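Please consult the sequence and the model alongside the text.

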Amino acid sequence: MSSERHTIEALQQEGRTFPPPPAFAAQANATAALYERDLESFWGAEAIARVSWSTPFERVLDWQPPYARWFLGGTLNACHNCVDRHVEAGRGDRVAFHWEGEPEGERRSLTFADLQREVVRLASALRRLGVGRGTPVGIYMGMVPEQAIAMLACARLGAPHTVVFGGFSAEALGSRLKDMGCAVLITQDEGWRRGKRVPLKANADSALALAPSVGTAVVLRRTGGAVTMAPGRDRWWHELVAAEEGDPAGCPCEPMDAEDLLYLLYTSGTTAQPKGIVHTTGGYLVGVSTTHHYVFDVKPDTVYWCAADIGWVTGHSYIVYGPLCNGTTSVLYEGTPDFPDRDRWWAIVERYRVSVLYTAPTSIRTHMRWGPAHAEAHDLSSLRLLGTVGEPINPEAWIWYRDHIGGGRTPIVDTWWQTETGMIMITPLPGVTTCKPGSAGRPFPGVEVRVVDDHGREVAREQGGHLVLTRPWPAMLRGIHRDPERYRETYWSRFPGVYVAGDGARVDQDGDIWLLGRVDDVMNVSAHRISTIEVESALVDHPSVAEAAVCGRSDPTTGQAIVAYVTLKGEHQPSVAHVQRLREHVGRKIGKIAMPASIVFTGELPKTRSGKIMRRLLRDVAEHRALGDTTTLADPQVLEELRARALTDPGQEG
Ligand code: WTA
C-alpha cells in the first residue's frame, strides 16, 4: 500500500478541531442519541418517519450475506414520495428547483406542483410509447430540470432508469444502453458547457447504432440547435406532451415492491467493463432521505445546493431522490463555475440565499486557485453548512472553504460514500460532531466500519488499512446487473462476510476516520472514478498502440491526474501531435474526463517476469518517488529509463 503510506504522510499531524457552534447544535436535526439506537429500530423508525408506504412493511431486514433485503412486504412509489405527497399535503407552492441556465438570465423556478404536472405529462406520454413497469429507460441529458423530471416520470411508471453523464462519449453511452437493454432513450438536442454547445443528440445518434434495443428516442429542445430526427424513432418531448393535461389521477404512481429495481448506475471498476450498480426502491429512498435530513440539517426553509451533476450518484441521491423526498428546495445550475466569470457560483448563492452547499474538494481547490476575491464580491451570509464529497480533502482546502465561503462560521461535513453504497456512510453530524479538517468523522448511525490489514485483522488506531463495512445498510447495492459473480468477487470475496470498499483508511485516537484514497486500480480524477484498465483498453484500441499502462499521480487541483505509458507499434513515431491524437482517442472512447494529462512514450513497460505490468512502480515514477521493491522486475533498466524521462521530459505533457 505504498500510495497510502504517502497519503498518511501528507495528512499527518493535522491537529485543528472545530466543535459544533452552540447555536447550530441547539437547532440541529441530529443529536448524539442517534448513535445509541440499534440498527433495525433506527432504520425501521426512519422508514416510517421519512417515507410514505402504500403497504406497510412487515420486517425491516433480511440479511443473507452478501444479499440484503430491506422493508420486506412494503410497497411504495419513489415519485409519489418525491412529488405527489408534498402537493397532497398542501406544499405544492414550495419551490422544488431554482434552476439557472448557463447563459446568463435564463432562470426558472419550479414548485412541487409544477414538478408534478411536468412529471405526469411526461409519464403519460411515455406510457403511450409503451413504457411501463420494468421497461428500462436510458437518460442522457444536461443539467436541466427535465433530467430530474425524466427520472421521476420513469419512477412513477415503475420503469427503471439508467442515467448516463452528459460528458460521456457515444460509445460509453451505447454500451450502457445495450447492457441494460433500454427500450427508450431520453435526451436533448444540445447542452451548454462554458459557452459551447455539447452535441448530446448527435452523440446519442452514434450510441443508438450500438444499442439496437432502443426503439424510441425522446428529444428535449434545449438550445434549439439543429439535430437530425430519425423518422419513426425520434420524437420531440414538447410534441409528445403537448396534449397531456398533467392530471395526476390520469397517470397514477405504480405501487412498487420495496425491493423492485429503481435504477442502474454504471461505475468504473478494475476491469475495462463498467459495472451496472443495482439500486432498489424502498431501502434506497429511506437511506438517502434519512442521511439528507441529518447530514444537511434541512429545514422547511432551507435552500440547498448540491453542485454535482445528476449523472453521478451524488446527483441521484442528493439532487433528486433525497432532497425531493424531504420536500427540500434546491438550486440546480446548468453550467460551469467560471461562466461567464469566476464568481458565477457566488452570484447564485447570493441570489437564492443558499443555506447549504455541497461540492467536491476538486471544485474547492479550483476556487482556491482563482483566489477569494470572487467570493468576497458577493454576500454569502446565508450559508450555514458546507459539505464535501468524492475524494479526500486536504486540510488547507477545508480551511479555505470554511474561511472564505463559510465566513469562518459554518460546520463542514466531509462525507464518504460510493455509487455502491447509494447513501452517505461516513460523515460528521452537524451540531454533534467536532470536525477535523481532512477527516470524514464517524460512521453514520446504524453503519459500522472497520479498518483491516491484508489478512482481514483489525488494525490498531492510527494504522492504515482497508476500509470495510461490516453491516448491511438500506441503500446498499443489491448487486451488479447481470453479473452476480462479479458482485461477490469484487466486494465480498477478499474478507469473509464484509463489504470491501476499495479505499484505504485509518482511524485516529478519537475514533475519527481518515480516508486515504483508493487501494485498487481505480483513479479518482476531479472526484470521478476512472479505471486504469478502461483507459488502457481505450489506448490500445488505437491502431498505433502496442501496449499501454495507466496510473494516477497526485494533482494539486484534480486530486489525481491520469498518466499513460505507451509503447507504439514499430512503424509509429512518438510526437507531440501523436500525444494529442491519443488523448482525443480516449476522449472519444470514454469521455473527456478520462483523457490522460500526460502520455509518456516508452520502448518497454516495466513487467514482472511473468509479464504482468507493475503499475505500483509506474505510480512511483509518476510521483517522482523513490522506487518500491523492484526485485521481481524482468528488466530493471526499463524503469530507470522511464524515471530519467519523467524527470527531464515535461514536453510530453498533454
Ligand atoms: C472516493 C461518490 C475521501 C472514495 C459519492 C470512494 C472519498 C469513491 C470521499 C466513490 C470522501 C468519496 N473522502 N474519498 N469524503 N467520498 N470518496 O462511486 O475513493 O463516484 O471509493 O461515489 O470516491 O466514488 P463514487
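Arginine 108 counts as partly exposed because its relative accessibility is 33%, where partly exposed lies between buried (under 20% relative accessible area) and exposed (over 50%), computed with a 1.4 Å probe on protein chains only. Its partner in a salt bridge is glutamate 146, with the closest N and O atoms 3.2 Å apart; a salt bridge places a side-chain nitrogen of Lys or Arg within 4 Å of a carboxyl oxygen of Asp or Glu. This pair links distant parts of the chain, 38 residues apart: arginine 108 lies in strand 5 (residues 107–111) and glutamate 146 in helix 6 (residues 145–157). Helices (H or I, at least four residues) and strands (E, at least two) are DSSP runs, numbered from the N terminus. Glutamate 146 is buried, at 12% relative accessibility.

The model is predicted: local features need pLDDT of at least 70 and side-chain atom pairs pLDDT 80 or more, whereas totals for chains, interfaces and linings use all residues. Residues are numbered from 1 along each chain as its sequence is written, and side-chain values use heavy atoms, without hydrogens and water.

Among the 47 salt bridges of the structure are these:

| Pair | N to O distance |
|---|---|
| Aspartate 234 and lysine 201 | 2.7 Å |
| Arginine 506 and glutamate 462 | 2.6 Å |

Aspartate 234 and lysine 201 are both buried. Arginine 506 is buried, with a relative accessible area of 8%, whereas glutamate 462 is partly exposed at 32%.

A network of salt bridges links Lys436, Arg442, Asp508, Asp510 and Asp512.
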